Amino acid sequence: MSEERDEPVWRLETSLVHAGERVAAPRAIPTTTPIYTTSTYLYPTLAELDQAFATGEGYLYARYGNPTVAALEAAVAAAEGARGAVAYASGMAALHAAILAAATPRGETAPQPRTILAARDLYGATTVLLEELFVARGATVAYADLCDLDAAEAALADLRPELVLIEQISNPLLRVADVAGLAARCRAAGARLLVDSTLATPVLQQPLRLGADLVVHSATKYLAGHGDTVGGVVAARSSLLHATLARQGRLLGAALGPFEAQQVLRGMKTLALRVERQCASAARVAAFLTTHPAVANVYYPGLTSHAQHTLAAAAFAGRFGGLVSFELRGDAAALQRFVNGLRLFLPATTLGDIYSLVSVPALASHRDLGPARRAERGIAENLVRLSVGIEAIEDLIIDLETALNMV
Ligand code: PLP
């Protein structure tokens, strides 16, 4: 391959395997990034391959990097104001990778994180991840109300954690943290701040710009937005953390595939439009729910009754997210009647899609916590979480009203 040679005329079986492949990229630049389905890359000479391995520049193997995935990583890094981002096969893989990277002392290779301070209100599987993969291997994990800066400061002083983990906005109670205030306190205490910003999205807030060290997204949710793919991404504020993520990502091996990367990348092009619409509709849904007699408590940062309403209004520039949670009056049978009565809100366990969705955290996202720990965290058995889609708001209200009237 290193010099021009006449190609022999290969036999059919050989030519079927090789003909047409490995031509130079076209001079014209495609307007959208193609899906690169190659699992490996070759260089014209062994010396160049050796050089690529030695410098880390250039593609070598798809678990190390892929141009479609790199395009997504660049898009997320730009959206979050990050030094770099690394994509993973799911949001959980991204969280796992981010926790390991955040616990890596500066310049060294990764041990286990020893001490983690986590918000009490987290996606159920995140709590289970902390406990089954970290506490079980000797780490200490403590939970506190990290929306309360005084409580956060006390816990930081008491625990001296390496890592503080929160969700912005939290799932399922939709609590809002003061990221700038918490980041300053983490920095003073020598802890890294990791924000799972799946629910806020970079449209509402960019935590790295407020001092957080790492941001995680379940790209399955708003970034992809169409209910057709699973993925995750971590964005890092420093080059050091980005390099750590990239190095460890090769070993964790949960690389995002190029098809999924393209779907997330395409989804992100309409992220701002979708989220603006979903926030506006969710505000209408929350206001409607407060008027219905079958509804007990409504959790939505846009309501003045929400504990962090003023903070959220300033932090998210008047938008409050696309999720609304509420407690339904009545027993388990009433809950069944309500969910079964919905036509547009799909009873599926995800959020952030163009479709409206309904879920009961006690049965789905927070099932594994068990009733006692749910109660401790304020997650009632009759809590309903709505993810508002992009359908006509009038139809969504009719759907909710019809189902609530069946309760
Ligand atoms: N983080 C949050 C806030 C979530 O709601 C979820 C999933 O629901 C995850 C992380 C996990 O993401 P994935 O399902 O893509 O692994």
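**Exercise 1.** How do the residues of the shell around the ligand divide into nonpolar, polar and charged?

*Solution.* The model is predicted: local features need pLDDT of at least 70, side-chain atom pairs count only at pLDDT 80 or more, and totals for chains, interfaces and linings use all residues. Residues are numbered from 1 along each chain as its sequence is written, and side-chain values use heavy atoms, with hydrogens and water left out.

Step 1. The shell then holds five nonpolar, seven polar and three charged residues.

Step 2. Helix H4 (residues 91-102) gives the most to this shell, with three residues; helices (H or I, at least four residues) and strands (E, at least two) are DSSP runs numbered from the N terminus.

**Exercise 2.** Identify the side chains whose N or O atoms approach the ligand.

*Solution.* Step 1. A polar contact here is a pair of N or O atoms within 3.5 Å.

Step 1. A ligand nitrogen is 2.6 Å from a side-chain N or O atom of Asp-196. Ligand oxygen atoms are found 2.8 Å from such an atom in Ser-218 and 2.6 Å from one in Thr-220.

Step 2. The protein covers 89% of the 390 Å² of accessible area that the ligand has on its own (Shrake-Rupley method, 1.4 Å probe).

**Exercise 3.** Where does the largest cavity lie, and why?

*Solution.* Step 1. On a 1 Å grid over the protein atoms alone, a cavity is a set of points where a 1.4 Å probe fits but cannot get out; lining residues have an atom within 4 Å of a point.

Step 1. The search of the whole structure finds one cavity of 30 Å³ or more. The volume of the largest cavity is about 40 Å³, as the space filled by probe spheres set on the points, which are joined across faces, edges and corners.

Step 2. The lining includes Ile-169, Leu-174, Tyr-222 and Phe-320; by class it has six nonpolar, two polar and no charged residues.

Step 3. Domain 1 (47-52 + 59-268) and domain 2 (271-404) both contribute to this lining, so the cavity lies between them; the bounds come from an automatic or database domain assignment.

**Exercise 4.** Which residue does a cis peptide bond join to Gln-168?

*Solution.* Step 1. The partner is Ile-169, with omega about -10 degrees.

Step 1. Ile-169 lies in the loop between strand E4 (163-167) and helix H7 (179-188).

Step 2. Pro-172 lies in the loop between E4 and H7, and a cis peptide bond joins Asn-171 to Pro-172, with omega about 15 degrees.

Methods:
A polar contact is a pair of N or O atoms within 3.5 Å; within protein, one must be able to donate a hydrogen and the other to accept it, and residues adjacent in sequence count only if both atoms are side-chain atoms. Ala, Val, Leu, Ile, Met, Phe, Trp, Tyr, Cys and Pro count as nonpolar, Asp, Glu, Lys and Arg as charged, and the others, Gly among them, as polar. On a 1 Å grid over the protein atoms alone, a cavity is a set of points where a 1.4 Å probe fits but cannot get out, and a pocket is an open set with protein on both sides within 12 Å along at least five of seven lines; lining residues have an atom within 4 Å of a point.
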